[in-house]
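Subject: Structure for you to look at

Dear colleague,

Please find below the structure I promised to pass on to you. My notes on what was found in it follow directly after.

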Amino acid sequence: DSTQTWTVGGHPVAATQLTQAVTNSLVKRLSQKGLVRVRQLDVQCCTLQVEVLDANANENSQQPHLSLNTRITLLDVDKQHVYSKEYRGEAPAKAKGSKAGTAAAADDVASRVIADNEFMHALAGS
């Protein structure tokens, strides 16, 4: 739901903002692997869908952190499901503020996606 918000570091954060942070980190990590994002209509390519399922700022534990539970779905050129998996990213206590925590947790999600051999294999085959 695009209107959903979570409280991160005492501040409300929209689901769209969290999704965009994960997407930006994932695009950055994929480009470091030599893959680029294209927006041309004539390019036959796959599509990645990013969905933030949950955001949890656990500030009362001994090690405060922000965690993002995210589903990444890979669709082929015909928008058919190729691969889907849930990933959890976390930000340490030092980054628990809303912007820093969101960016750090989103980057952690992206690093876990890139490290997933099954995902990378599915992406290469699409």
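A term needed throughout is contact, which means heavy atoms within 4.5 Å. Helices (H or I, at least four residues) and strands (E, at least two) are DSSP runs, numbered from the N terminus. This is a predicted model, in which local features need pLDDT of at least 70 and side-chain atom pairs count only at pLDDT 80 or more, while totals for chains, interfaces and linings use all residues. Residues are numbered from 1 along each chain as its sequence is written, and side-chain values use heavy atoms, with hydrogens and water left out.

The chain has three helices and five strands, arranged from the N terminus as β-β-α-β-β-β-α-α. Three of the strands make an open, antiparallel sheet in the order β3-β4-β5, where two strands pair if DSSP finds at least two bridges between them. Its edge strands are β3 (47-58) and β5 (81-91), each of which pairs on one side only.

Helix α1 (residues 15-32) lies across β3 and β4 at about 125° to β3, and α3 lies across β3, β4 and β5 at about 140° to β5; axes are lines fitted to C-alpha atoms, for helices over the stretch in contact, and angles run from 0 to 180 degrees between N-to-C directions.

Within α3 (residues 117-125), F119, M120, A122 and L123 are buried, that is, under 20% relative accessible area, whereas exposed means over 50% and partly exposed lies in between (1.4 Å probe, protein chains only). Seen down the axis of α3, these buried residues fall within an arc of 160°, so they line one face of the helix; the arc is that of the directions from the helix axis to the C-beta atoms.

Best wishes
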